Amino acid sequence: MTFTRRQVFGLTAGAAAFVAVAPRISFAATDDTEAAIKAFTGGAEPATGTVTLDTPEIAENGNTVPVGVSVESPMTADNYVESVLILAEGNPSPAVATFHFTAMSGAAEAKTRIRLAKTQNVIAVAKMNDGSTFIDRKEVKVTIGGCGG
Amino acid sequence: MANPKPRVKVPKKASKGEVITIKTLISHPMESGQRKDKEGNLVPRQIINTFKCEFDGQLVFECDMDPAVSANPYMEFNAKVENSGTFKFTWVDDDGSVYESEKKITVE
């Protein structure tokens, strides 16, 4: 197989652009997200399950994306969900909101509306009063981004 | 800026020990600090950073918000009611302003 001069140029330029741009976009935000999760859990690796994130599969408008989170818990004075951290790893800053529950909440469920800059994973990390942590991730496809404009 | 107007929906009546759903909304632009105006200057961040719900002085639910919460922040959460009382809702703005709202509930 032989390459024409034009093909060679196209390939090298394309590859160079990919190498230069891709890591900066995809990994920088993820590092911030990992750091935020670590800070929230105190370094522990959260288990999956128990916490459920409810997001739409496709969000047409990134300016208001309905997000719900619910955690399985009896919510009594000795066994309740302390807080839930919501992160969006593709946003300029991944932090979205932190919910704090008490035994008076009755059920560890909350809904709000958030901004998403682009198609990305939304993450919920729940922390129980005994210190155990749980995580859930959902991908949301965003048609029109919700930052700047 | 127009004075943010809180709107809260709490059921008027509940039975003892019932878990009720509370919905709140407050009109606020939630300026993220990422947006630029026509001249290309960054619009400074101004958001509501904390929301709190108390029942007769006891904390029920609290939320720390970051700029990724949408304009006119909406919150839906639950509360377990054992007796009649008053829910107090507080929103704290970046500029230090505090917006408040109160709702009574009767437990039968």
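The side chain of A:Thr112 comes within 2.6 Å of the backbone oxygen of B:Tyr74. A polar contact here is a pair of N or O atoms within 3.5 Å; within protein, one must be able to donate a hydrogen and the other to accept it, and residues adjacent in sequence count only if both atoms are side-chain atoms.

Some ground rules before going on. This is a predicted model, where local features need pLDDT of at least 70 and side-chain atom pairs count only at pLDDT 80 or more, while totals for chains, interfaces and linings use all residues. Residues are numbered from 1 along each chain as its sequence is written, chains are lettered from A and ligands numbered from 1 in the order in which they are written, and side-chain values use heavy atoms, with hydrogens and water left out.

Back to the threonine. A:Thr112 sits in strand E7 of chain A, residues 108–114; strands (E, at least two residues) are DSSP runs, as are helices (H or I, at least four), numbered from the N terminus. With a relative accessibility of 4%, A:Thr112 is buried. Buried means under 20% relative accessible area, exposed over 50%, and partly exposed in between, using a 1.4 Å probe and protein chains only. Contact means heavy atoms within 4.5 Å. Beyond four places in sequence, A:Thr112 contacts A:Val65, A:Pro66, A:Val67 and A:Phe99 in chain A, and B:Val69, B:Tyr74 and B:Met75 in chain B.

B:Tyr74 turns up again with A:Arg113, whose charged end sits over the tyrosine ring at 4.3 Å from the centre. The rule for a charge over a ring is NZ of Lys or CZ of Arg within 6 Å of the ring centre and within 35 degrees of the ring normal. Another case is A:Lys127, over the face of A:Phe40 at 4.8 Å from the ring centre.

Next, strand E6 of chain A, which holds A:Phe99 and A:Thr98. A:Phe99 is buried at 2% relative accessibility. Its contacts beyond four places in sequence include A:Val69, A:Ala110 and A:Thr112 from chain A, and B:Phe61, B:Glu62, B:Cys63 and B:Met75 from chain B. From A:Phe99 to A:Glu72, 27 residues away in sequence, the C-alpha distance is 15 Å. A:Thr98 is buried too, at 12%. Apart from residues up to four places away, A:Thr98 touches A:Phe40, A:Ser83, A:Val84, A:Leu85, B:Glu62, B:Cys63 and B:Asp64.

What does the side chain of B:Asp64 join by a polar contact? The partner is the side chain of A:His100, at 2.9 Å. B:Asp64 belongs to strand E5 of chain B, residues 58–65, and is partly exposed at 27%. Its other contacts, leaving out residues up to four places away, include A:Val96, A:Ala97, A:Thr98, B:Asn49 and B:Thr50.

Now the aromatics. A pair of rings is described by the distance of the centres and the angle of the planes. Rings of Phe, Tyr and Trp (its six-membered ring) pair if their centres lie within 6.5 Å; planes under 30 degrees apart are stacked, over 60 edge-to-face, and the rest tilted. The count is 10 aromatic pairs over all chains. In one of these, A:Phe101 and B:Phe61 are tilted, at 5.4 Å between centres and 55° between planes. This pair joins two chains, because A:Phe101 is in strand E6 of chain A, residues 95–101, and B:Phe61 is in strand E5 of chain B. Both A:Phe101 and B:Phe61 are buried. B:Phe61 also pairs with B:Phe51, tilted, with centres 6.4 Å apart and planes at 55°. That pair links distant parts of the chain, with B:Phe51 in strand E4 of chain B, residues 48–55, and B:Phe61 in strand E5, 10 residues apart. Ring pairs form a cluster whose members include A:Phe99, A:Phe101, B:Phe51, B:Phe61 and B:Trp91.

On the cysteines: how many disulfides are there over all chains? The search finds 0, a disulfide being a pair of cysteine sulfur atoms within 2.5 Å. The sulfur of B:Cys53 has its closest cysteine sulfur in B:Cys63, 12 Å away, too far for a bond. B:Cys53 is buried at 0%, and B:Cys63 is buried at 0% as well.

Last, confidence. pLDDT is the predictor's confidence in each residue, from 0 to 100. Chain A averages 84, with 79% of the residues scoring at least 70. Across residues 19–27 of chain A the pLDDT is below 50, and that stretch has 4 contacts in the model beyond near neighbours in sequence.
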